Amino acid sequence: MFVALLLGYFLGSLPTAYWFGALRGRNLLQEGSGNPGALNAYRVLGPVPGFMVLLLDLFKGILAVALGEGVGGSPLGGLAGGVGAVWGHAFSPWLLFKGGKGLAVGAGVLFAVDPRLLFLSLLLFATLFALFRKPYRVALAVALAQPFLASVLHPAPAYLLFGLGLGLPVALRHLKDWDR
């Protein structure tokens, strides 16, 4: 499982948004929100590059789970690979441990592990956003709810740890935007 976690981390750490910006002569660490993620790529580079980054980040999450299952030899390897991908995306060594917020990669991981987890997360996000209209606070709340959501659908300790490992880097990245 450790190999799956490392493989997922490496895959998730590939800074696709940053590279798209660099190809256009833009530094996403300095422009827009300063976050090399899909939403900032959309804001700074436009809708087509932003959408391409979103798709690639989703695919990174899905691929990390698949590779983790292959290397780990079980679904537990997939959980480890997915967690590694989100941590790698949020804290990329290629960007001196800066990175994206982990939402798109995390969505890809949730889809690959159990699409119901993604559905519940999106439903919770929509409900909280309708009530509070603060997207960053809502994303933080949904990230912190991941251990609970994973445990509801899969009452095994591995899924509780998966939810914690998936939600923590997303929550850490959203704390600095608490006032939004």
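Before you start: residues are numbered from 1 along each chain as its sequence is written. In this predicted model, local features need pLDDT of at least 70 and side-chain atom pairs count only at pLDDT 80 or more, while totals for chains, interfaces and linings use all residues; side-chain values use heavy atoms, with hydrogens and water left out.

**Exercise 1. Work out how α1 and α4 pack, and which residues meet.**

Step 1: find the helices. Helices here are DSSP runs (H or I, at least four residues), numbered from the N terminus. Helix α4 spans residues 47-72, and α1 covers residues 2-13.

Step 2: get the geometry. The α1 and α4 axes sit 9 Å apart, at an angle of about 160°. Axes are lines fitted to C-alpha atoms, for helices over the stretch in contact, and angles run from 0 to 180 degrees between N-to-C directions.

Step 3: name the arrangement. Angles under 35 degrees count as roughly parallel, over 145 as roughly antiparallel, 65 to 115 as roughly perpendicular and the rest as oblique. So α1 and α4 are roughly antiparallel to each other.

Step 4: α1 passes α4 in a right-handed crossing; right-handed means that the near helix is turned clockwise from the far one by less than a right angle, left-handed anticlockwise.

Step 5: list the contact (heavy atoms within 4.5 Å). From α1 you get Val3, Ala4, Leu7, Gly8, Leu11 and Gly12, and they meet Lys60, Leu63, Ala64, Leu67, Gly68 and Val71 in α4. Sorted by class, the α1 and α4 contact has eight nonpolar residues, three polar and one charged. For the sorting, Ala, Val, Leu, Ile, Met, Phe, Trp, Tyr, Cys and Pro count as nonpolar, Asp, Glu, Lys and Arg as charged, and the others, Gly among them, as polar.

**Exercise 2. Now take α9 and α10.**

Step 1: α9 runs over residues 146-153 and α10 over 157-175; they pack at about 150° with axes 7 Å apart. That makes α9 and α10 roughly antiparallel, too.

Step 2: α9 passes α10 in a right-handed crossing. Gln146, Pro147, Ala150 and Ser151 of α9 meet Tyr159, Leu160, Phe162, Gly163, Leu164, Leu166 and Gly167 of α10. The α9 and α10 contact splits into seven nonpolar, four polar and no charged residues.

**Exercise 3. Is serine 13 buried or exposed, and what does it touch?**

Step 1: locate it. Serine 13 lies in helix α1.

Step 2: check accessibility. Buried means under 20% relative accessible area, exposed over 50%, partly exposed in between (1.4 Å probe, protein chains only). With 1%, serine 13 is buried.

Step 3: look around. Skipping neighbours within four places in sequence, serine 13 contacts Gly88, His89, Ser92, Pro93 and Trp94. The side chains of serine 13 and tryptophan 94 make a polar contact at 3.1 Å. A polar contact is a pair of N or O atoms within 3.5 Å; within protein, one must be able to donate a hydrogen and the other to accept it, and residues adjacent in sequence count only if both atoms are side-chain atoms.

Step 4: go one further. Phenylalanine 97 is 84 residues from serine 13 in sequence, but their C-alpha atoms are 9.0 Å apart.

**Exercise 4. Describe two loop residues with positive phi.**

Step 1: leucine 96, in the loop between α5 and α6 (103-113), has phi near 55° without being a glycine. Leucine 96 is exposed at 73%.

Step 2: arginine 133 sits in the loop between α7 (115-132) and α8 (135-144). Its phi is about 55°, positive although arginine 133 isn't a glycine. At 56%, arginine 133 counts as exposed.
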